[in-house]
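Here are my notes on the model you sent. Please read them alongside the coordinates.

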Amino acid sequence: MHRRGTAAIRNALTRCMLPAILAALTTTDALATAPVCDSGTAPSPTMFAPRSVPAELILDLSWLVWAICAGIFLIMEALIIWCIVKYRRSKDDRTEAPQVYGSNPIELAWTVVPTLIVFVLFLVSARTIFEIDKSTPPEGSLEITVVGHQWWWEFDYPEYGFITANELHVPLTRNGERVSIYLTLESNDVIHSFWVPQLGGKKDVVPNHINHLWLEPTMPGTYVGQCAEYCGTQHANMLITVVVHPEEDFEAWVAHQQKDAVHDMSVATGRDLFLRTACINCHTIRGTVANGSFAPDLTHLMSRSVIGAGVARNTPANLHSWVDDPQILKPGCRMPSMKLDQNGVDEIVKYLLTLK
Ligand code: HEC
Ligand SMILES: [Cu+2]
């Protein structure tokens, strides 16, 4: 079928061209029209354009380490070149060079100086680690629980009482003041790793263990990242999008997410079919009997710009392909083909499209 063909090509491209995909993600139509200022956004994940306090601290530390190492490199190279030139054996010189055994001053120098350098590097690294590794949430933080799943991210906002997936939305300020985002990282299955380089360091997401990550965004924008610990077949399609909103936009987003799913009578057929199918055992749609927690919450599916954790844009055609057989777009993913007839797929997709 034509649609399957294009989906397969898209999938192949997705897996081979991760950097291109990440770049594309930041410029999807949906994100471009989202109410965010894009000034802070780098086209692909980079730690060299920090837009969050911990990311700035990490970059400062890396520059310092880099400068020290570059200094050592330059001095050593200069000495080597100087020795090569100055002490070159001339053509007719057959004498052996003087052999020096055990010079206390020289040995002391090459032991003490490197030790001091390592000690300085240790101290500055330890200081940065203590600064960014917060074991308790900073005053007034927004706390969000991140759950890693094979192969998607769950974002749980206990303060606001809703759960969403793959696109993390956070405010820049609260009551006019910059706000810390305090993430609690948990895994549902294997080890994943949460990393959005423009916003903070990399933190593992480990089963039966809780980690924390502090972010403090400094600029609105859309930032991309990706699971950074190999976690199985679709590890490469476990992308993260973080949207940092100005305060009012974030509040509007929260108010919308808190609402139950709309109940549009014109798609009652698809809705009934969805609610009669095993979909409800894995997915939640608030306001219906669907309350599964194994898979992404679909209450506001259409507010997200991608499906399958970034494997495809959230367009009607891709949704159709996904509901028909998710294994086409994301082979190996934990959603089986529900073997619906084409009419059933059409009706369910019509229903999903109303979940704004
Ligand atoms: C066995 C559990 C299971 C069943 C049953 C199931 N799904 Fe899924 N579904 C998943 C999982 C897991 C994902 C996430 C896959 C990924 O991204 O790796 C998913 C993803 C989705 C997505 C994309 C959501 C997003 O934000 O990325 C849609 C849409 C969806 N399912 C619709 C359906 C529909 C419609 C049905 C019923 C016809 C259904 N699912 C049945 C497990 C299930
Ligand atoms: Cu992962």
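1. Start with strand β11. G221, Y223 and G225 point one way from β11, T222, V224 and Q226 the other way, and all are buried. Buried means that 20 or more other C-beta atoms lie within 10 Å of the residue's own, with C-beta atoms placed from the backbone; 12 or fewer is exposed, and in between is partly exposed. In a regular strand, side chains alternate between the two faces of the sheet. β11 covers residues 221–226 and is mostly covered, with six of its six residues buried.

2. The partner of β11 is β12 (residues 239–245): six bridges join the two, and they run antiparallel. Q226 sits opposite L239 in β12. Pairing requires at least two DSSP bridges between two strands.

3. A note on provenance. This is a predicted model: local features need pLDDT of at least 70, side-chain atom pairs count only at pLDDT 80 or more, and totals for chains, interfaces and linings use all residues. Residues are numbered from 1 along each chain as its sequence is written, while chains are lettered from A and ligands numbered from 1 in the order in which they are written.

4. Overall content: the protein chain has 11 helices and 14 strands. These are DSSP runs numbered from the N terminus (helices H or I, at least four residues; strands E, at least two). Of the 356 residues in the protein chain, 35% are buried.

5. Now the open sheet. Five strands follow the order β3-β2-β1-β7-β10, with mixed pairing. β3 (162–165) and β10 (211–215) stand at the edges with a single partner strand each, so one side of each has no neighbour in the sheet. The twist averages 25° from one strand to the next. β2 (residues 152–157) and β3 run antiparallel, joined by four bridges. E154 stands opposite A165 in β3.

6. How do α7 and α11 pack? The axes of α7 (residues 268–276) and α11 (residues 342–353) come within 7 Å and cross at roughly 105°. Axes are lines fitted to C-alpha atoms, for helices over the stretch in contact, and angles run from 0 to 180 degrees between N-to-C directions. The two helices are therefore roughly perpendicular, a label for 65 to 115 degrees.

Definitions and conventions:
Parallel < 35°, antiparallel > 145°, perpendicular 65-115°, else oblique.
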